[in-house]
Every structure is written in structure tokens, then in C-alpha cells.
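Please look at the sequence and the structure before reading on.

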Amino acid sequence: MDAATQLPTVGMIGAGQLARMTHQAAIALGQSLRVLAGDESESAAVVAPAITLGDYRDLDDLRAFAKGCTVVTFDHEHVPQEALKALVAEGVDVQPRPGALLHAQDKQAMRTRLAALGLPQPRWAPVDSISDVEAFGLPCVLKAATGGYDGKGVWMCESPADAQVVLASGIRLIAEERMPLQRELAVQIARSPSGETAVYPVVETVQTGGICTEVIAPAPHLDPALAEQAREIATAIATELGVCGMLAVELFQTSSGLFVNELAMRAHNSGHWSIEGAVTSQFEQHLRAVLDYPLGSTDTVAPYTVMANVLGGEAGGPRLDERLQHLLAGDPGARVHLYGKAVRPGRKIGHVTVTGDDPDLLRRRALRAAKWLQEGE
């Protein structure tokens with residue numbers, strides 16, 4: 001195939017479930033997805049044919065992987081800034097750019113930039129001593145500035161003793177006020193290099209033990225003015241930071257309004273519902289965006305879609321594939337995505353999606369299905 005007819009190739013650093021589902025979207029788009037995996041047993045590595053084994057922290061491995069890629073993107077935000085900047089300097093099209101991705105990698109950088117943009121967020125401050133924490137005020141939330149996910153790197157501190165334990169780790173921290181939550185929301189937006197944007201409906205997310213266990217799309221009973229504010233916040237962040245690809249903005253809803261919690265510059269758990277629930281899934285949309293293709297419709301295909309994460313349970317009972325077959329026989333409208341991961345208690349191993357017009361009924365169906373897949377009973 002000559003250069004004029006060769007299909008573009010997207011290189012995705014990381015081979016977790018996000019890369020696995022992006023691979024499926026690439027097939028439907030007629031595209032080729034190349035994945036950098038640390039191990040051949042990773043979620044995407046067991047299904048995608050174009051797999052390169054390497055270390056995402058090693059610049060030479062990244063250089064070798066990027067050769068022949070039209071654009072390089074990510075299924076996680078842990079690639080070192082220095083390596084990404086080196087790739088860009090060598091002419092690799094990295095999306096999102098390192099300067100944008102920094103704000104998803106570093107919570108202190110994110111908070112500083114959001115403050116400069118005048119966007120609503122919790123009161124916060126960098127802290128590195130107990131006197132800093134006490135000056136900020138207890139109780140508070142301490143967060144690792146880098147590296148946290150799924151509740152890891154977040155500590156609810158009631159007392160100086162609680163804070164001392166976290167400070168003893170020596171990691172860089174910020175303190176945030178505890179917000180009087182009514183619920184948590186998220187909004188996703190896609191942005192292309194040419195500046196086109198496409199915003200998805202605002203969704204409600206339910207957290208259990210720091211892990212997202214449910215997503216309801218769209219968020220039930222959300223004031224249209226708040227929904228519009230959420231979309232405006234996401235658009236401002238994507239535009240001002242120069243994001244390319246998918247951006248997820250996690251929000252706190254309080255009696256005082258909306259406040260930005262965290263950012264993710266990739267496909268995100270809060271958008272898994274879009275595979276069955278939207279005209280264009282977040283995975284297809286991410287590919288469209290980084291390739292600078294026209295963005296797809298974000299319209300919903302049903303009044304409500306509910307997604308429930310499947311977490312790993314204790315050993316015993318029917319095999320996972322047997323549980324799946326019984327579930328599909330009993331609830332043929334359920335759509336199940338398993339990630340091909342080794343089962344460990346509390347680990348995300350898949351998700352279930354159901355669509356319809358009654359969000360309460362959908363939640364019960366989705367949670368029942370997820371519980372059956374987790375526990376086999």
C-alpha cells in the first residue's frame with residue numbers, strides 16, 4: 001500500500017480496558033490501533049493484533065512505538081512529561097499535548113490553572129507539614145498531587161494524627177475542603193485539533209469506597225441551568241487548556257452550585273454508558289478527535305442509560321463465563337463488557353449497561369446484574 005492510500009494509525013500508550021474498547025471502536029471506523037503494552041496478558045493485548053511490548057516510562061521504547069503512528073495518545077495519564085516533550089520535539093503528533101495533559105497528571109497544576117481561569121472549585125492549598133494542614137483547617141481531604149486513581153491517593157483526615165500518617169509518606173500533597181455533597185456529576189467533551197467540540201449529556205456518578213460503581217445518563221432531575229453550567233465549564237477547560245481527544249470533568253453538586261473535582265484526558269469510566277447509550281461512543285469519539293475527523297453526534301439513543309461496574313469478588317461459585325450466560329438468559333436487554341482481567345476482589349473487571357425510560361428500574365437491573373457477575377448469587 002503506497003503512502004497516498006495507507007490508512008492512518010493511532011498509537012495508544014497503555015493496554016488496559018480503555019485501550020481494549022478503543023480497539024473495538026477503531027474496527028468500526030476502519031482504522032488501525034497500535035497498542036503499547038507492558039505485558040502480553042494485559043486487557044487490550046489479548047484482543048488487539050498490533051501490540052508492541054515496552055515500558056511507557058522508557059523514552060527509547062516510546063520512540064520505537066511511535067514510528068509509523070499518525071498520532072500517539074493514551075489510555076492512562078502516567079507517561080512522564082519529559083518523555084512526551086521529547087517525542088513532540090522529534091516531530092511525533094502526541095494528543096493531548098504534554099502541556100494539556102499535565103493538568104490531568106498533577107492536581108496542584110490543575111488547581112492553580114482552574115483558579116486562574118476563575119472556575120469553581122473547592123478551597124485548596126499545597127501542604128507539606130502538619131502546621132500547613134492545621135493552618136488550612138481540619139477535617140479536610142489530603143490528595144496525592146500525582147498518581148492517584150480510583151480512590152487511591154485520597155485520604156479523609158479528621159485529626160492531626162490522621163494527617164501525620166499521610167505526611168509521613170513524603171509524597172507531594174494538596175489539601176482540599178470537604179464539600180457538602182448532594183451528589184457527584186461528570187461531563188465529557190471531545191475536542192479536535194481544529195477546535196471542534198462535542199459535549200455529552202451530564203451524568204450522575206455513584207462512588208462506593210472511592211470507586212465509581214454506577215453512572216446514570218443523563219443525570220436525573222438535574223436543573224437545566226446547572227446542566228448548562230457544567231457544559232460551559234467543560235468547554236472552557238477543553239478550550240483554554242488546548243485539550244485534544246476526550247476530556248472528562250468530574251464535578252461536585254452542592255447546595256451552593258457546581259465545583260470541579262478532577263479531570264481526565266482520555267476515555268473515562270463515566271463515559272462507558274455511551275457505547276450503548278449514545279450515537280457515538282466516547283471511544284470512537286476519542287479516535288475521531290485525535291485524528292481531526294469530524295466529531296460524531298453525542299445524542300442519546302434512549303431516555304436513560306445506566307452503567308454499573310463489575311468488580312472482582314471472592315473465589316468460588318460458577319465461573320465468570322457461566323455467570324454471564326445465565327445473566328444474558330435472564331435479562332437479554334443487558335449489555336456486558338468484560339475486560340479480560342485476572343479477577344481480584346475490588347478490581348474493575350467489566351461493566352453492565354441497560355437502557356430504557358425508568359432510571360430507578362434501570363439501576364436495579366444494572367446493580368443486580370453486576371452483583372450476580374461479581375458474586376455468582
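Two residues are in contact, or touch, when heavy atoms of theirs lie within 4.5 Å. The model described here is predicted.

**Helix H12**
- Helix H12 spans residues 359–375, which is 17 residues.
- From first C-alpha to last, H12 reaches 24 Å, close to the 24 Å expected at 1.5 Å a residue.
- Buried in H12 are Pro359, Leu362, Arg365, Ala366, Ala369, Ala370, Trp372 and Leu373.
- The buried residues of H12 line one face of the helix, because they fall within an arc of 160° when seen down its axis.
- An α-helix has 3.6 residues a turn, so residues three or four places apart point the same way.
- Arg364 and Arg368, on the other side of H12, are exposed.
- The cover over the buried residues of H12 includes helix H11 (320–330) and the strands E12 (211–217), E15 (304–311), E16 (335–338) and E17 (348–356).

**Ends of H12**

**Nonpolar cores**
- The largest nonpolar core has 42 residues, of which Ile237, Leu247, Val249 and Leu251 touch the most other members.
- Helix H8 (residues 224–241) gives this core its largest share, eight residues.
- Leaving out residues up to four places away in sequence, Ile237 touches Leu114, Leu119, Gly242, Val243, Leu247, Val249, Val260 and Leu263.
- Another core, of 21 residues, lies apart from the largest one, and Leu18, Val290, Leu291 and Tyr339 are among its members.

Technical notes
Residues numbered from 1 in each chain as written. Predicted model: local features only at pLDDT ≥ 70, side-chain atom pairs only at ≥ 80, totals over all residues. Heavy atoms only, no water. Helix = DSSP H or I, 4+ residues; strand = E, 2+ residues; numbered from the N terminus. Expected span 1.5 Å × (residues − 1). Buried < 20%, exposed > 50% of the residue type's maximum accessible area, 1.4 Å probe, protein only. Arc of directions from axis to C-beta. Core = buried A, V, L, I, M, F, W, Y, C linked by side-chain atoms within 4.5 Å.
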